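Please look through the structure below. The text after it goes from one set of side chains to the next.

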Amino acid sequence: MIKVYNPADGSVVGEAPDMSQTDVLAAIDRTCAAFPAWSKLLAKERGAKLRRWFELVSADRRAFAELMVKENGKCLSEALGEVAYGLGFIEWYAEESKRVYGDTIPTHAPDAQVIVTKEPVGPTAAITPWNFPFMMITRKIATALAAGCTMIIKPSEETPLTAYKLLAYAREAGIPEGVFEMVTGDPKAIGEAFTGDPRIQKISFTGSTNVGKLLARNSADTLKKMTMELGGNAPFIVFDDVDIDHAVAGLVAAKLRNSGQVCISPNRIYVQDAIYDTFAATLKVAIETIRVEQGLQEDFVVGPLINQSAVNKVDALVADAVKHGATVLSGGELAKPGSLFYKPTILTDVPDDAQVRHTEIFGPVLPLYRFDTEEEVVRRANDSEYGLVAYAFTPDLGRAFRMSRDIKAGMVVVNSGSVGTESVPFGGVKQSGYGREGGYYGIQEYVSVKYTLMAGLDR
Ligand code: ADP
């Protein structure tokens, strides 16, 4: 069995199966065997099962949230927020299954009709990370099942308990074995079993860019469709015409979510020269009012990082920035409650050659950079191998649209620190991956387009 630890105090929260290769292959077999019947169900029937699952999980949302506090470390209010966010995908796709429409195209021959239909791609697989133990599962499986695909999921071994609890409710809702399978064990061996199996038609992955590339390479021989939601290095741009309190509030909400362990977390905060010092001072006050502790109560607190290597990474990035000339305005050290808690940390005047400028931080560190002109900040924001999300704060409408047009990212958020919801296309460009999850665009990734020519109508 795999032991699951509470990052707040190191206690054991529970266990998940450490499956053998035989167990994994048997689960893949079931996923493939279940496809014909599931794909032939009426879309309305598939939607009804998803809806039932949504209702059962909704009724137990508090237990899910409390479990996530224990296995992931996020605070209760955030965990409840994640449950609502993740449930949104089940609800949306329960409805959307009925609306996977095709097309007819004006015919090119007088006695013919041209029909375009959309078919589920087949059995699929997914691998998910630990930072959103609930939402990462529902966002993938609800989409796949609505489209008529079956799916086998490997959740993160750091947070498998929420995943298995979701699976148990899916069974209760009438989503049978094979249609939704789950495996845990050796990630590399499971990844190879997924990528090497010619019957699996698609893999959806969320995680690091390195593992994403490995999965893509290993899937080349079987030419799978892929959705890759990988790393980010999000710029957060604050122009000098903003309401500073509003921009600080947006930054704090976006940055401290899950202690900064989020792929869309603001990673490079560019503040225009004229307001730089006031912005930094306001941010310091805002950050220092937030408590760092285990999050079992309703109000927002910053919880622990997921494990020791996450703490070591954050610590090393801060030390390197200081070595290169940055100043620690706040934090910069471990917090009291336990060995995995790190204080929200503001770094000012960070030079571009510090590692933190080029690395996905995945921790509560806010590096501030100064900029002068719009042209300069767009160039610097785009100077990254990643392109997941960019944030900009400005009341100037023309400038807001220029941010949307000129920033190379899959998502641009203007005047808000909040990105995700079930109805929007979530995903990146460049080394942040490809494919979209959520809403109309998300389900298109699970269907293939079939063109049928019905000719000879007048014979
Ligand atoms: P993170 O740094 O967010 O943990 P990873 O890419 O390491 O990102 O992990 C995301 C998911 O990928 C997890 O479920 C993890 O178990 C899985 N994973 C890690 N290494 C491999 C691998 N070699 N093959 C397949 N999956 C892997």
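The charged end of Lys-202 is placed over the ring of Tyr-446, at 4.7 Å from the ring centre. The model is a predicted one. A second case of a charged residue and a ring involves Arg-370, which lies over the face of Tyr-276, 4.0 Å from the centre of the ring.

Phe-236 and Phe-393 are both buried.

Phe-239 and Phe-371 form an edge-to-face pair, with centres 5.5 Å apart and an angle of 85° between the planes. This pair, too, links distant parts of the chain: Phe-239 is in the loop between strand 10 and helix 10 (244–256), while Phe-371 is in strand 14 (residues 365–371), 132 residues apart. Both Phe-239 and Phe-371 are buried. Elsewhere, Phe-64, Phe-134 and Tyr-169 make up one aromatic cluster.

Asn-131 is found in the loop between strand 5 (124–127) and helix 6 (135–147). Is Asn-131 buried or exposed? Its relative accessible area is 4%, and buried means under 20%, so Asn-131 is buried. A polar atom of the Asn-131 side chain lies 3.1 Å from the backbone oxygen of Gln-261. Beyond its neighbours within four places in sequence, Asn-131 is in contact with several residues, among them Asn-72, Lys-74, Glu-82 and Phe-362.

Notes:
Residues are numbered from 1 along each chain as its sequence is written. This is a predicted model: local features need pLDDT of at least 70, side-chain atom pairs count only at pLDDT 80 or more; totals for chains, interfaces and linings use all residues. Side-chain values use heavy atoms; hydrogens and water are left out. Helices (H or I, at least four residues) and strands (E, at least two) are DSSP runs, numbered from the N terminus. Buried means under 20% relative accessible area, exposed over 50%, partly exposed in between (1.4 Å probe, protein chains only). A polar contact is a pair of N or O atoms within 3.5 Å; within protein, one must be able to donate a hydrogen and the other to accept it, and residues adjacent in sequence count only if both atoms are side-chain atoms. Contact means heavy atoms within 4.5 Å. Rings of Phe, Tyr and Trp (its six-membered ring) pair if their centres lie within 6.5 Å; planes under 30 degrees apart count as stacked, over 60 as edge-to-face and the rest as tilted. A charge sits over a ring if NZ of Lys or CZ of Arg is within 6 Å of the ring centre and within 35 degrees of the ring normal.
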